[in-house]
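Hello,

Here is the structure I promised to send over. Please open it next to this email, and my notes follow below.

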Amino acid sequence: MESVDILIIGQGPAGLSSAIYTARAGMNTLILGCAPKVAGDYEIDNYFGFTETITGKELIERGKAQAAKFGADIRCDRVLGIHQDDAGAFVAKTEDKKIEAASIILATGVSRIRPGISNLADYEGKGVSYCVSCDGFFMRGKPVMVVGEGNFAANQALELLQYTPNVKVCSQGKELSISEEFLYRLEESKIPVLTGKIAKLAGDNGLEKVHLESGEQIDAQGLFVAMGQASSSDFAYSLGLMRNGQFIETDRDQRTNVPGVFAAGDCVGRFLQISVAVGEGALAGRAAISHVKERRRTLLDKEAK
Ligand code: FAD
């Protein structure tokens with residue numbers, strides 16, 4: 001498994017700013033993510049130091065070049081899930097591979113996509129879940145469905161197999177964006193992929209059935225929402241991070257409640273602006289550097305004993 005000091009999830013202003021600090025401090029830094037929303041022909045007029053209007057695309061390209069100059073490794077790859085192992089390291093599963101990191105900086109922006117099911121909220125905590133590693137256990141042997149159209153949903157469905165063999169995926173009417181490899185693994189695991197749309201959920205004591213717009217009714221006692229790509233909220237659920245709604249809670253140094261995990265930028269939800277994301281990214285980078293140094297000292301002390 002590839003191992004890095006600091007894994008930064010997000011190639012927006014927050015993630016790139018963090019990387020400039022961590023890579024410059026000699027930390028082995030990997031940045032994952034793909035072009036952020038602002039990296040288009042959008043005109044940025046209010047970022048410090050640019051008297052001429054700059055496009056979001058150019059600003060991000062400059063940030064990437066600057067982070068790369070200090071040795072950060074930048075790849076377009078999406079993280080599907082993260083967990084912490086027994087030794088306290090973090091293991092991120094991506095669309096490509098598994099990566100181990102001593103510290104994680106979440107800089108994923110905000111993008112939780114809702115599935116548009118009318119009475120979804122009525123069943124939250126009564127069958128509807130956003131986290132397989134948190135709630136999969138309660139679905140042992142029960143019929144479950146994952147709502148989502150991409151690799152994130154496919155991965156969640158495959159993870160559910162450790163709790164129940166009765167798993168389905170529903171793309172909620174969206175065009176499938178599941179890779180060949182994941183489609184093969186779903187087929188091999190006998191997980192059907194439905195492309196219809198769920199109209200509503202039903203059940204008196206918790207979720208019992210999913211009603212499709214076509215009129216078909218499907219048994220499901222668990223419905224796991226995994227639309228689009230994994231968001232900071234999904235990582236917060238699986239890592240046990242404190243949240244305020246969809247935003248991750250941090251202290252003034254961008255530390256979350258889990259040592260070694262930091263968050264910066266829009267996913268923290270203060271003032272959703274580039275300047276703030278850049279500033280928080282710097283703080284998160286500094287805090288992550290301290291964490292990695294402290295962890296190294298602790299491991300060396302243990303070895304010496
Ligand atoms: P983002 O820039 O949103 O970056 C998020 C990153 O996380 C992306 O690289 C994404 O690929 C990655 N990511 C997400 N999930 C995953 C995953 N599962 N695995 C791997 N990577 C993942 N602000 C201003 O100050 N001035 C402006 O003029 C301005 N104009 C804007 C115009 C537009 C069209 C938009 C959309 C925003 C604008 N903003 C502006 C707001 C600004 O862009 C954001 O505040 C800023 O980009 C937040 O930075 P961030 O790094 O937190 O997140």
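Which residue in β11 is the bridge partner of Val-146? It is Val-169. Keep in mind that this is a predicted model.

Strands β10 (residues 144–147) and β11 (residues 167–170) run parallel and are joined by four bridges. Helix α4 (residues 151–160) packs on the sheet. It touches β10, β11 and β16 (222–225), and its direction makes about 160° with that of β10.

The sheet itself is open, with five strands. Their order is β9-β16-β10-β11-β12, and the pairing is parallel. β9 (128–129) and β12 (193–194) stand at the edges with a single partner strand each, so one side of each has no neighbour in the sheet.

Next, the helix pair. α4 packs with helix α5 (residues 180–188) at an angle of about 30°, and their axes are 10 Å apart. Angles under 35 degrees count as roughly parallel, and α4 and α5 are therefore roughly parallel to each other. The crossing is left-handed. On the α4 side, the contacts include Asn-151, Ala-154 and Leu-158. On the α5 side they are Phe-182, Arg-185 and Leu-186.

Last, helix α7 (residues 274–304). At 1.5 Å a residue, its 31 residues should span 45 Å, and its end C-alpha atoms are 45 Å apart, which agrees. Its buried residues include Ile-274, Glu-280, Ile-289 and Val-292. The buried residues of α7 pack against several elements, among them β1 (2–9), α1 (13–24) and α2 (56–69).

Best wishes

Methods:
Residues are numbered from 1 along each chain as its sequence is written. This is a predicted model: local features need pLDDT of at least 70, side-chain atom pairs count only at pLDDT 80 or more; totals for chains, interfaces and linings use all residues. Side-chain values use heavy atoms; hydrogens and water are left out. Two strands pair if DSSP finds at least two bridges between them. Helices (H or I, at least four residues) and strands (E, at least two) are DSSP runs, numbered from the N terminus. Contact means heavy atoms within 4.5 Å. Axes are lines fitted to C-alpha atoms, for helices over the stretch in contact, and angles run from 0 to 180 degrees between N-to-C directions. The expected span of a helix is 1.5 Å times one less than its number of residues. Buried means under 20% relative accessible area, exposed over 50%, partly exposed in between (1.4 Å probe, protein chains only). Angles under 35 degrees count as roughly parallel, over 145 as roughly antiparallel, 65 to 115 as roughly perpendicular and the rest as oblique. A crossing is left-handed if the near helix is turned anticlockwise from the far one by less than a right angle, and right-handed if clockwise.
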